[in-house]
Amino acid sequence: MSDLWPKCDTELEEMRDAFFESHPDYRETDSLDRIREREFGRLDASKQIYLDFTGGGLYALSQVEAHKALLSEHVFGNPHSSNPSSKRITLLVEETRKKILKYFNAGEEEYVAVFTPNASGALKMVGEAYPFSGETAYLLTFDNHNSVNGIREFARSKGSEIVYVPITLPDLHPDRRILKEKLDSRPKGGGLFAFPAQSNFSGVQHDLEWIPYARERGWDVILDAAAFVPTNILDLSVWKPDFVPLSFYKMFGYPTGIGCLLARRDALKKLHRPWFAGGTITAASVQGDTYYLAEGAEGFEDGTLNYLSLPAVKIGLDFLESVDVRMIHRRVMELTDWLLVQLVSLKHDNGPPLLRIYGPLSVENRGAALTMNFFDPDGQFFDHRLIERAASRWNISLRTGCFCNPGGREIALELSESELITCFAHAKPRLTMEDFRHCVDGKSSGAVRISLGLASNFTDVYRFLCFARQFVNRTVSDFT
Ligand SMILES: Cc1ncc(COP(=O)(O)O)c(C=O)c1O
């Protein structure tokens, strides 16, 4: 247990009462407190403050119990045979697929759900199979996860143009004029446009209106929904991106190792898989040197699916539905709103603020994730690794670094193009993180991110505030 909490907790009741008063709507989410007790009791029993829901969601106890009961009761064999153990699991796999489409309100005539190991697997599949050529473009915002950035290497290998649209300070949204201009001038061979619904760097939520805007101009659109869907509704009958990658462990913690590509059927037909595998073909011949790819999702699911874990995805979605994501959304945004105001008000006695929070300083256009750096009274930043170590002593799980989103980091932390080019020019063929830190000496190489989710409550955010407060009036040298 953290013996650092009791001091902080002396004001907990008073602060909670004030919070209830300033955020009366929060009380409408009281049912989540009972769910926390029942399903996530391990958090309080082990005195943990979990603030890394964008890193990974937490599973409810009942999900694991339901999965265990299912596995204990049935004999499941490898799917896609007509024997009884195979038929039983095939049925569950297909039920799960239908459930996913229904959950996202995606019509079966319009979308398919392709199972992948994770969101990155879904993105790679699109990247390697997209018909890039010398006449196409891959257009993406600076604010993207590396698994979206990585698609540029497939594009590059086929001679496609690669175009990045900058995001701008302080709100970290794409430059609207540049993005419009780029979307208005789609190359004649077509192109792929990618952006995240919610930034995993800053928590900024990007304008989903870019989806119809781009599609009307002939772009295929990847909407990276991995960080968005755990606490927001994505309705695919309203928004119709061509490809939506996501990871289920981010939504409900369990199982890991399964993600999904939601793809429009017509967009999926444009993809040319670079190979075939067990499970993806209707027929293949050695002597005839031929293969026929299966239609729809099957043609994209290489080898044997993670079939024993797949029914746990349906269990997870059922759980999330029973809790109601709208309720989760309301709760985490109320908490974020309160915490933002509190954190922004932390100041050193000589005037400067303790924290630089990246992205909007209100809950408008952001999700329940806050990314920041800590600064001392002389304006010197605290290394984010120091903050992580200190947080660990409080049993606080948060995340530090750039969260695999280098473009978000570069703009937020004001690392310039020339600075980065110089770093990389000197570092070939390898650059370690340590080299990188040296290279940007004087500037932070990363930040601290806290993110809320379905099990979060007031105590969690209040204790983070207490944790942050201890750095007020302290200098970096106090810690070295
Ligand atoms: C926005 C976003 N996209 C993609 C990913 C990649 O997800 P995974 O590591 O599950 O493949 C992440 C992971 O943090 C993410 O936050």
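Predicted model: local features only at pLDDT ≥ 70, side-chain atom pairs only at ≥ 80, totals over all residues.
Student: What box do the C-alpha atoms fill along the principal axes?
Tutor: Roughly 80 × 55 × 40 Å.

Student: And what share of the residues is buried?
Tutor: Buried residues make up 43% of the 480. As for contacts between residues at least 6 apart in sequence, 73% of them join residues at least 24 apart.

Student: How many helices and strands are there?
Tutor: The protein has 20 helices and 17 strands.

Student: How is the protein divided into domains?
Tutor: Domain 1 takes in 5-60, 324-402 and 446-479, while domain 2 covers 74-321. Their C-alpha centres are 31 Å apart.

Student: How many residues of each domain are in contact with the other?
Tutor: On the domain 1 side 24 residues take part, and on the domain 2 side 23. Helix H15 (325-344) and strand S14 (369-374) each supply at least two residues of the side of domain 1 that touches domain 2. H15 gives the most to that side, with five residues.

Student: What is that side of domain 1 like by class?
Tutor: The side of domain 1 that touches domain 2 has 13 nonpolar, nine polar and two charged residues.

Student: Back to S14. Why is S14 described as largely enclosed by the rest of the structure?
Tutor: Because six of the six residues of S14 are buried. Both faces of S14 are covered, with Ala 369, Thr 371 and Asn 373 on one side and Leu 370, Met 372 and Phe 374 on the other.

Student: Which sense does S14 pair in with S13, and over how many bridges?
Tutor: Strand S13 (residues 355-357) pairs with S14 in the antiparallel sense, over three bridges. Asn 373 in S14 is the bridge partner of Arg 356.

Student: What about S14 and S17?
Tutor: S14 and strand S17 (residues 447-451) pair in the antiparallel sense over four bridges. There, Leu 370 has Ile 450 in S17 as its bridge partner.

Student: Changing topic: how many residues surround the ligand, and which are the closest?
Tutor: 13 residues surround the ligand, and the closest are Asn 118, Ser 120, His 145, Asn 200 and Ser 247.

Student: And by class, what does the shell have?
Tutor: The shell around the ligand has eight polar, four nonpolar and one charged residues.

Technical notes:
Residues numbered from 1 in each chain as written. Near = placed C-beta within 6 Å. Nonpolar A, V, L, I, M, F, W, Y, C, P; charged D, E, K, R; others polar. Domains from an automatic or database assignment. Contact = placed C-beta atoms within 7 Å. Buried ≥ 20, exposed ≤ 12 C-beta atoms within 10 Å, placed from the backbone. Pairing = 2+ DSSP bridges.
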